[in-house]
Amino acid sequence: MIGLRLLPFVPADFDALAGWFASPEEAVLWGGPQVAWPLTAVQFAAMLAEGDMVPPQRRCWSAWRGDAMVGHGQAVYDWAAGRARLARIAIAPARRGEGLGGSMLDALLRELFADPRIGRVDLNVYTHNRRAIALYTRLGFVPGAITPGAVRIDGQAWDGMTMTISREDHGAKLI
């Protein structure tokens, strides 16, 4: 790991994260069609509020290297099914290409699988996001179903794909 710390995402982090997205397309690539651009404190506060439920429906983290926030990630829980879905994964634009994405995702997976109730972690990715797919594959995620036209941006359809990793497969990658 590259000296990364996962900390809870807090209101003091809102402005930094919002500044990572320069267009509606970038915001949707990160957060799906449910987010509106420009991103606002109201949207981030609603995401955090889902973590106040018992058990939490969503948890949000900031990834820090030294005194700089360099990444962000979230997990949405399906407690009945024993799984979590990674969501809204981002690395600060100025820090991309430094290997931080793999370190952050590894830390997130460790955090999620530390809970014995979570046996599988899923994520959704747009099929044109080849760098993300390559990273997820390297970490042991397995491609799954493709959803044609998962979202439309400026009249263009983006296909989505589900990827998954089990607790066992993640543990085998660590050995």
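A pocket, on a 1 Å grid over the protein atoms alone, is an open set of points where a 1.4 Å probe fits, with protein on both sides within 12 Å along at least five of seven lines; its lining residues have an atom within 4 Å of a point. This is a predicted model, in which local features need pLDDT of at least 70 and side-chain atom pairs count only at pLDDT 80 or more, while totals for chains, interfaces and linings use all residues. Residues are numbered from 1 along each chain as its sequence is written, and side-chain values use heavy atoms, with hydrogens and water left out.

**View 1. The largest pocket and its lining.** The largest pocket holds about 1100 Å³ of space. Its volume is the space filled by probe spheres set on grid points, which are joined across faces, edges and corners. The lining counts 43 residues. L29, I89, N129, A132 and Y136 lie nearest the centre of the pocket. By class, 22 lining residues are nonpolar, 12 polar and 9 charged. Here Ala, Val, Leu, Ile, Met, Phe, Trp, Tyr, Cys and Pro count as nonpolar, Asp, Glu, Lys and Arg as charged, and the others, Gly among them, as polar.

**View 2. Elements around the largest pocket.** Helices (H or I, at least four residues) and strands (E, at least two) are DSSP runs, numbered from the N terminus. Those that supply at least two lining residues each include helix 2 (24-31), helix 4 (100-113) and helix 5 (130-138). Which strand gives the most to the lining? Strand 4 does, with 7 residues.

**View 3. The largest nonpolar core.** A nonpolar core is a set of buried Ala, Val, Leu, Ile, Met, Phe, Trp, Tyr and Cys residues joined through side-chain atoms within 4.5 Å. Buried means under 20% relative accessible area, exposed over 50%, and partly exposed in between (1.4 Å probe, protein chains only). The largest core has 29 residues. L86, L112, V121, V125, Y136, F141 and M163 touch the most other members. Strand 2 (58-65), strand 3 (68-78), strand 4, helix 4, strand 5, helix 5 and strand 7 each give two or more residues to this core. Helix 4 gives the most, with 7. A second, separate core has 16 residues, including W30, M69, A90 and A92.

**View 4. The surroundings of F141.** Contact means heavy atoms within 4.5 Å. Not counting residues up to four places away in sequence, F141 touches L86, L109, V121, L123, Y136, M163, T164 and I165.

**View 5. Strand 2 between two partners.** Two strands pair if DSSP finds at least two bridges between them. Strand 1 (residues 4-8) pairs with strand 2 in the antiparallel sense over 5 bridges. Strand 2 and strand 3 are also antiparallel, over 8 bridges. W64 of strand 2 stands opposite R5. In strand 3, M69 is the bridge partner of W64. The hairpin of strand 2 and strand 3 has 2 residues between the strands, and G66 takes a positive phi near 65° there. Strand 2 is largely enclosed by the rest of the structure, because 6 of its 8 residues are buried.

**View 6. Strand 7 and its neighbours.** Strand 7 pairs with strand 5 in the antiparallel sense over 7 bridges. The bridge partner of V121 in strand 7 is I165. Strand 6 and strand 7 are antiparallel as well, over 7 bridges. In strand 7, Q156 is the bridge partner of I153. N124 lies in strand 5. The contacts of N124 are R85, L86, M161 and T162, not counting residues up to four places away in sequence.

**View 7. Backbone exceptions.** Most residues other than glycine have a negative phi, and most peptide bonds are trans. W37 and P38 are joined by a cis peptide bond, with omega about 5°. P38 is found in the loop between helix 2 and helix 3 (41-49). The peptide bond from V54 to P55 is cis, with omega near -10°. P55 sits in the loop between helix 3 and strand 2. R88 has a positive phi near 50°. Is R88 buried or exposed? R88 is buried, at a relative accessible area of 11%. R88 lies in strand 4. D154 also has a positive phi near 50°. The place of D154 is the loop between strand 6 and strand 7. D154 counts as exposed, at 70% relative accessibility.
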